[in-house]
Amino acid sequence: MPPVSPMEDLAVRLREFLASKLPEASEIRIDNIAPLTAGNARQVWQFDLRWIDQAARRQMSCVLMRKAKAGQLETDLDREFRIVDALWGSGVPVAQALWIDSDGRWFERPSFIMEKIAGSSDLQSLLKGGPGQDSRQIALDMAAVAARLHRLDYERLGVDFLPPARIECAAAQQVQYWESLFLKHRMEPHPVMVSAFIWLKEHQPTARRISIVHGDFRFGNLLYEGNRINALLDWEMVHLGDPVEDIAWAYRTLWSPQAFLSLDEFVGRYTQLSGIQVDPETLRFYRLLGEIKHSIISLTGARSFADGRTRNLFLADRASTISAYLMQFLDWLPGSEPRSKASC
Amino acid sequence: MTKPSIGELLNGVATSLRESVLPEIPSGPTRRQLQVAIAIIRRVALVWDKVAPYLYLDNKDIEQTAIRICALLDRGQVILEGIDPGVLRRRLNEKEMESRSPQIDYPMWDALAARNIELQQILVNFQEALHAPALQTASVPARADRDEIAAMLQALFRRMLARELEVNAPPNRAGRLA
């Protein structure tokens, strides 16, 4: 018997999985499977699905996302599936979440299927502002999407699978989370990073409100077509917290839309649409936290590679990027006195 | 000296991979992995000879800063929990000798790296002691000395990162990071 190619094997797994999810369906067909470029935390394939449901022919284009063996972050695919499902129809652009294999029974590792949405997520093209593409308009649309996401009534939306957050402790929760990852994955003492965490713990702001925070909100995690955003992608870092965190992350130097839309303009548009005020000190805190957050993401990826848990070469040399982020942290550090701390 | 040098050899390997192997590989994940491998080889080729001097300078700088902090602690105004300047000074001097190979009067790379880790830990200890709750309510002279130590450490961190950047983000790579 000739060996089965990885794509044929995947098609068989998809048919069996979908047969379990669509018990009424017959003649399930999988065509045009192809890998898609994705981040380092998951593998992604697109495919066309056709089936007969009670004599009606149905078809749709889908995307399969499978958790990577080991990546930059230990993420919960189940939570990502649930938040996208909860946001469907809320006004925040997301792809429809369809079916999940939570325990990896069908695809070896946790995986889920989503509707495929038209559009591109090419960060380099966005940053270059290529012909026929208005990156300023996309950045403005991004401000509108952030406003919609952050104004959602998350309690009504039923996202109780996200850990609760209080305005006094939202910053502390994030600092604690990232520090715990740092302590777990560091491969050397890293005194600059220790110093950064001390500063962050001494200067935690109180949030004006608690919102659903995307957590990786940036150029590059948008599916856009023309000048508008069709979907927000990569919800693996979603949490409840201070909405300012998303704005700060969107303007990290590496992917900032600053060349097309200044941070002040973005904040102005966002506040106009959401009514949420952005405190400059809070924004600076989260910009500083963003440098540390990205340092830890890089560190975690480098550690996965160093430990042999992944062979993804994208992660091999990630630790070498950290010094630039830490230097940025020091450059932005104000000479202010510590704020009084809430008990969190 | 063996020619080609390690840097030249690695550059040649990266060029061969880019010009001979990469064009044979179709677009997709495998090609992207090879592109990343080539980029890593190029970075290592650029900086391999700078790593030992970087560690040597880094260790010297940390040692000298720590000794200056010990001198400040000798004044007795500020007391850092868990840090005895006399003990620390002896440790700094002893390790300087141990980092040299007995056969040649030149510090070996692994000794430099081990020493760097140890010195980093001393800096972590300084940081944690400086921010101990007791120091927040210390006397004015004690807080002044604390602030001076904190400023010395901040300046040291900048110098350490600047050196790291020379190794981690050589000029032709820095553009991609920005």
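Start at B:Arg146, a buried residue with a relative accessible area of 13%. The model on screen is predicted. The side chains of B:Arg146 and B:Asp147 form a salt bridge, 3.0 Å from N to O. B:Asp147 is partly exposed, at 41% relative accessibility.

**The interface**

Show both chains. The contact between them takes 27 residues from chain A and 27 residues from chain B. The buried area is about 2,600 Å². Carbon and sulfur atoms give 66% of that area.

Next, pick A:Asp317 and B:Arg43. Their side chains meet in a salt bridge across the two chains, at 2.6 Å from N to O. How many salt bridges does the rule find across this interface? It finds two. Polar contacts join nine residue pairs between the chains, counting pairs with both residues at pLDDT 80 or more.

Color the helices of chain B that touch chain A. Helix H2 (29-47), helix H5 (109-130), helix H7 (140-168) and helix H8 (171-177) each supply at least two residues to that side. Which helix gives the most? H7 of chain B does, with nine residues.

**Aromatic pairs in chain A**

Over all chains, the count of aromatic pairs is nine. One of them joins A:Tyr177 and A:Trp178 in an edge-to-face arrangement, with centres 4.9 Å apart and planes at 75°. A:Trp178 is buried, at 1% relative accessibility. A:Tyr177 is partly exposed, at 35%.

Move to A:Phe17, A:Trp106 and A:Phe107. Ring pairs link these three into a cluster.

**Charges over rings**

Select A:Arg218 and A:Trp255. The arginine A:Arg218 lies over the face of A:Trp255, 4.4 Å from the ring centre. A:Arg218 is buried, at 17% relative accessibility, and A:Asp216 is buried at 8%.

**Two stops in the helices of chain A**

Go to A:His185, in helix H6 (residues 170-185). A:His185 is buried, at 4% relative accessibility. What does A:His185 touch, leaving out residues up to four places away in sequence? Its contacts are A:Glu74, A:Leu299, A:Thr300, A:Arg303 and A:Arg309.

Now find A:Lys201 in helix H7 of chain A, residues 191-202. A:Lys201 is partly exposed, at 29% relative accessibility.

**Last view**

Finish with the salt bridges of the whole model. The count over all chains is 32. The tour began with one of them, between B:Arg146 and B:Asp147.

Terms used
Residues are numbered from 1 along each chain as its sequence is written. Chains are lettered from A and ligands numbered from 1 in the order in which they are written. This is a predicted model: local features need pLDDT of at least 70, side-chain atom pairs count only at pLDDT 80 or more; totals for chains, interfaces and linings use all residues. Side-chain values use heavy atoms; hydrogens and water are left out. Rings of Phe, Tyr and Trp (its six-membered ring) pair if their centres lie within 6.5 Å; planes under 30 degrees apart count as stacked, over 60 as edge-to-face and the rest as tilted. Buried means under 20% relative accessible area, exposed over 50%, partly exposed in between (1.4 Å probe, protein chains only). A charge sits over a ring if NZ of Lys or CZ of Arg is within 6 Å of the ring centre and within 35 degrees of the ring normal. Helices (H or I, at least four residues) and strands (E, at least two) are DSSP runs, numbered from the N terminus. Contact means heavy atoms within 4.5 Å. Buried area is the accessible area (1.4 Å probe) that two parts lose on being put together, summed over both. A salt bridge is a side-chain nitrogen of Lys or Arg within 4 Å of a carboxyl oxygen of Asp or Glu. A polar contact is a pair of N or O atoms within 3.5 Å; within protein, one must be able to donate a hydrogen and the other to accept it, and residues adjacent in sequence count only if both atoms are side-chain atoms.
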